[in-house]
Amino acid sequence: MIITCKEATRLASQGLDRKLGFLDRVALRLHLAICKGCTNAARQMEFLRRAIARLGEDADERGALRR
Amino acid sequence: MDDFRSGVERHRPYLLRYASLQLRDKDAAEDAVQETLLAALANESGFGGRSNLRTWLTGILKHKIIDHIRRSAREIALGADEETSDFDALFDSRGHWIEMPAAWSDPDASLAQQQFYAKLEECLARLPAKTARTFMMREHLGCETGEICKELGLTPTHCWVLLHRARMSLRECLQANWFGK
């Protein structure tokens, strides 16, 4: 159940593309509970998804979403 | 009829930008948009005013982009640029961070800033071709991994590796050029 940071970011990324298996989910959760760096990286990967989704929009649309 | 034509034309700049983000090739993007507009004009009844016109056009464009990717998949699959990645430089031999990622303060505030998107595009442009294509098919076109694998001739594992690399390089790049400043 002990995974490295490299492994944890791999699972965090895959979690954005497929449903992780039970053991992978547990291992990732345990790792994130004690690792600030991987928690930051995982949040930032989710943030990237939101950012790319708005990349093609016009400036005024982004403003509207912000309000 | 003419209203429909001019309505469709009005979305050309948006569609061109959308296609360019995925294809990274101006001519290919223009071809895909042109095919989209022609298909739309030939099939006005397919729209029928049901949904938002731009959403409908974007749906057609996605198919045209994927057609283009399918046609050119063989050329790009030969690129060896993804094998040498600085990805492994992020971790030491025991799998620990060499430099631990810092928290970004209020990242969503950046989503309202034009300069942020310019920086993000610069970061995307630095990704190797196949990595960028895979990542943008996933996050920009919204394809499922299975579809990406099929179109690019990748195994699911390879696909996930490329997506992971793309995300890690982009977060490094944004850390260095935006959030860390």
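In the predicted model, helix 1 of chain A, which covers residues 5-14, packs against helix 3 of chain A, which covers residues 36-55, at an angle of about 25°. The axes of helix 1 and helix 3 of chain A lie 10 Å apart. Helix 1 of chain A is therefore roughly parallel to helix 3 of chain A, since angles under 35 degrees count as roughly parallel. The crossing of these two helices of chain A is right-handed. On the side of helix 1 of chain A, the contact is made by A:Cys5, A:Ala8, A:Thr9, A:Ala12 and A:Ser13. On the side of helix 3 of chain A, their partners are A:Gly37, A:Cys38, A:Ala41, A:Ala42 and A:Met45. Of the residues in this contact between helix 1 and helix 3 of chain A, seven are nonpolar, three are polar and none is charged.

A helix pair was also examined in chain B. Helix 2 of chain B (residues 12-23) and helix 3 of chain B (residues 26-42) have axes that come within 8 Å and cross at roughly 135°. Helix 2 and helix 3 of chain B are therefore oblique to each other, as angles count as roughly antiparallel when over 145 degrees. The crossing of helix 2 and helix 3 of chain B is right-handed. Helix 2 of chain B contributes B:Arg12, B:Leu15, B:Leu16, B:Ala19, B:Ser20 and B:Leu23 to the contact. These residues meet B:Lys26, B:Ala28, B:Ala29, B:Glu30, B:Ala32, B:Val33, B:Thr36 and B:Leu37 in helix 3 of chain B. The residues of this contact in chain B comprise nine nonpolar, two polar and three charged.

The two chains touch through 28 residues from chain A and 30 residues from chain B. On the side of chain A that touches chain B, helix 1, helix 3 and helix 4 (59-66) of chain A each supply at least two residues. Helix 3 of chain A gives the largest share of that side, with 13 residues. By residue class, the side of chain A that touches chain B consists of nine nonpolar, nine polar and ten charged residues.

B:Glu147 is located in helix 9 of chain B, which covers residues 145-152. B:Glu147 counts as partly exposed because 14 C-beta neighbours lie inside 10 Å; a residue is buried at 20 or more and exposed at 12 or fewer. The C-alpha atom of B:Glu147 is separated by 21 Å from that of B:Thr55, and these two residues are 92 residues apart along the chain.

Definitions and conventions
Residues are numbered from 1 along each chain as its sequence is written. Chains are lettered from A and ligands numbered from 1 in the order in which they are written. This is a predicted model: local features need pLDDT of at least 70, side-chain atom pairs count only at pLDDT 80 or more; totals for chains, interfaces and linings use all residues. Axes are lines fitted to C-alpha atoms, for helices over the stretch in contact, and angles run from 0 to 180 degrees between N-to-C directions. Helices (H or I, at least four residues) and strands (E, at least two) are DSSP runs, numbered from the N terminus. Angles under 35 degrees count as roughly parallel, over 145 as roughly antiparallel, 65 to 115 as roughly perpendicular and the rest as oblique. A crossing is left-handed if the near helix is turned anticlockwise from the far one by less than a right angle, and right-handed if clockwise. Two residues are in contact if their C-beta atoms, placed from the backbone, lie within 7 Å. Ala, Val, Leu, Ile, Met, Phe, Trp, Tyr, Cys and Pro count as nonpolar, Asp, Glu, Lys and Arg as charged, and the others, Gly among them, as polar.
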